[in-house]
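The following exercises are to be worked with the sequence and the model in view. Each task is followed by a solution in steps.

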Amino acid sequence: MNTTAPTRPRRLRAALAALALAAAALLALTACSSNGGTEGSNDAAPAGDGADKTLTVAMELAYPPFETKDDAGNPSGVSVDFMKDFGAAYGYDVVIENTAFDGLIPMVQTGKADCLMSSITITDARKESVDFSDPYAMAQLAILANAQSGIGSIDDLNQAGRKVAVKTGSTGDVFATKNLPNAEVVRLADESACVTEVVQGKADGFLYDQLTIYRNNQKNPDTTEAVFIPFQDPESWGIAVAKGNDELLGQLNEFIAQSKASGEFDRLTEKYLASEKAAFDELGFKWFFDFE
């Protein structure tokens, strides 16, 4: 009896030890399989796949009715609606970042914005910094002249003693710098400041797109004259993305083409620009969204 009694506990302990080792091995194997499976899942389906994608769009909300704010201070206008419609079509949650005009392209270059849509003209100089979509609108420069200045054409501005107000960095600025060497070019931060210079007689004229000139002449009929005689080719507006962002650029181009065919731009015109469209038709001006 005494010789066999100790054997059972030893056998029991050995069995329990073996069982513990087997359990540990199984636990380790399970852990390895779990880790391996997670890594495999990450390779096949990156984290966040299927979640809402945020698209940050830089705009200067100071150009109604294309880019502006509503009474509650929220982004509003043609460009805002267009980008929200684009986001809905491609699964983006669109966030508008109000940005000063001269900071728009740097926002895209530094990755703080995915794209910019702010009634910005496609130029060769800007193409060096960003990639542009296909044109979605066309515009021409015009002159808001002081009513007492006697300005009737662009040549009248290119005279010694004349002062021309331009928004810094705008195509009006570029045109004046290149083509009005005899005039004094006054560069200001925003459109309203340029208009004020003309209204107060501190500048003879302000160069900007036809719509802006038309609207500000309507607001200031006693102190300004609108000169719409064409003095340059129509300008194309585009949406800018970072260099090499071909996927987003392709989506934008696809949506722009669809919008031209589907009547998206007609809907936006009716919502925001109906009276201006009627005035342009009466004056014989080419409309922003007329590419024929």
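**Exercise 1.** Which residue caps the N-terminal end of α8? Determine also which residues of α8 are buried.

*Solution.* The model is a predicted one, in which local features need pLDDT of at least 70 and side-chain atom pairs count only at pLDDT 80 or more, while totals for chains, interfaces and linings use all residues. Residues are numbered from 1 along each chain as its sequence is written, and side-chain values use heavy atoms, with hydrogens and water left out.

Step 1. The cap is Asp209: one of its side-chain oxygens lies 3.0 Å from the backbone nitrogen of Leu211. Helices (H or I, at least four residues) and strands (E, at least two) are DSSP runs, numbered from the N terminus.

Step 2. Buried means under 20% relative accessible area, exposed over 50%, and partly exposed in between (1.4 Å probe, protein chains only). By this criterion the buried residues of α8 are Gln210, Leu211, Thr212, Ile213, Tyr214, Asn216 and Asn217.

Step 3. Seven of the 10 residues of α8 (residues 210–219) are therefore buried, and the helix is largely enclosed by the rest of the structure. Contact means heavy atoms within 4.5 Å; the buried residues of α8 pack against β8 (141–146), α7 (191–199), β11 (205–209), β12 (224–227) and α11 (274–283).

**Exercise 2.** What is the strand order of the open sheet of five strands, and which strands stand at its edges?

*Solution.* Step 1. Two strands pair if DSSP finds at least two bridges between them. The order is β4-β1-β5-β14-β6, and the pairing is mixed.

Step 1. At the edges stand β4 (92–98) and β6 (131–132); each has a single partner strand, so one side of each is left without a neighbour in the sheet.

Step 2. Strands β5 (residues 115–116) and β14 (residues 240–241) run antiparallel and are joined by two bridges. Within this pair, Cys115 has Val241 as its bridge partner.

**Exercise 3.** Is Thr99 buried or exposed? Describe its surroundings.

*Solution.* Step 1. Thr99 is found in the loop between β4 and α3 (104–109). Its relative accessibility is 10%, so Thr99 counts as buried.

Step 1. A polar atom of the Thr99 side chain lies 3.1 Å from the backbone oxygen of Glu97.

Step 2. Apart from neighbours within four places in sequence, Thr99 is in contact with Ala58, Met59, Glu60, Leu104 and Met107.

**Exercise 4.** Which residues of the largest nonpolar core touch the most other members?

*Solution.* Step 1. A nonpolar core is a set of buried Ala, Val, Leu, Ile, Met, Phe, Trp, Tyr and Cys residues joined through side-chain atoms within 4.5 Å. The largest has 51 residues, and Met83 and Phe288 touch the most other members. Helix α2 (residues 78–90) gives the most to this core, with six residues.

Step 1. Beyond neighbours within four places in sequence, the contacts of Phe288 include Phe66, Asp209, Leu211 and Trp237.

Step 2. A second, separate core of 16 residues includes Leu141, Val166, Val185 and Phe231.

Note on methods: A polar contact is a pair of N or O atoms within 3.5 Å; within protein, one must be able to donate a hydrogen and the other to accept it, and residues adjacent in sequence count only if both atoms are side-chain atoms.
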